[in-house]
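Visitor: Hi! Could you walk me through this one? I'd like to start with the aromatic rings.

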Amino acid sequence: MQHERFEPASSLLTRLAARNGAPSVYQFCADLAFPVDPLFRGEPLAIAQLAQLAGCDASTLARVSIRHLGHSRFRLRDEIATTHSLQRTRIRICPVCLRRSFGITSLITFFCLRPASSLLWP
């Protein structure tokens, strides 16, 4: 699967799960015995495993993925963030990515065609 520029590991995993028809990221990971929590923390081994699964470069994927530093701190590229500044439970969709991935030009069309509960986003 093509790794989009600036796409973090969690987003690549979500697209991979959706492309394979999984009802959720967690179910997809459970079916493959894939370590989802280490991936969300940005652990290098989990990112390397996802890169191998998706067929993309692990170092490029790691560079654009969130990495847990401990003590409620995270690194994203050259920035340091805290758990208070990250909102990872809110759904955000890039319209360009939506068109590329699903060939859909309208967010309204996307949500009307797919049940809202069909995919759990990290």
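Visitor: How many aromatic pairs does the count come to?
Guide: The count comes to one aromatic pair, and bear in mind that this is a predicted model.

Visitor: Which rings are they, and how are their planes set?
Guide: They are the rings of Tyr-26 and Phe-40, with centres 6.2 Å apart. Their planes stand at 80 degrees, and over 60 counts as edge-to-face, so that is what this pair is.

Visitor: Where in the chain do the two residues sit?
Guide: Tyr-26 belongs to helix 2 (residues 25–32) and Phe-40 to helix 3 (residues 36–40). They are 14 residues apart, so the pair links distant parts of the chain.

Visitor: Is Phe-40 buried or exposed?
Guide: Phe-40 is buried: its relative accessible area is 12%, and the cut-off for buried is under 20%.

Visitor: And what about Tyr-26?
Guide: Tyr-26 is partly exposed, at a relative accessible area of 41%.

Visitor: Switching topic: what is the secondary structure of the chain?
Guide: There are seven helices and three strands. Along the sequence they follow the pattern α-α-α-α-α-β-β-β-α-α.

Visitor: How much of the chain counts as buried?
Guide: Of its 122 residues, 33% count as buried. The accessible surface of the chain is about 7900 Å², and carbon and sulfur atoms account for 55% of that.

Visitor: Last one: what share of the contacts join residues at least 24 apart?
Guide: That share is 41%, taken among contacts between residues at least 6 apart in sequence.

Definitions and conventions
Residues are numbered from 1 along each chain as its sequence is written. This is a predicted model: local features need pLDDT of at least 70, side-chain atom pairs count only at pLDDT 80 or more; totals for chains, interfaces and linings use all residues. Side-chain values use heavy atoms; hydrogens and water are left out. Helices (H or I, at least four residues) and strands (E, at least two) are DSSP runs, numbered from the N terminus. Buried means under 20% relative accessible area, exposed over 50%, partly exposed in between (1.4 Å probe, protein chains only). Contact means heavy atoms within 4.5 Å. Accessible areas come from the Shrake-Rupley method with a 1.4 Å probe; for residues, only the protein chains shown count as cover. Rings of Phe, Tyr and Trp (its six-membered ring) pair if their centres lie within 6.5 Å; planes under 30 degrees apart count as stacked, over 60 as edge-to-face and the rest as tilted.
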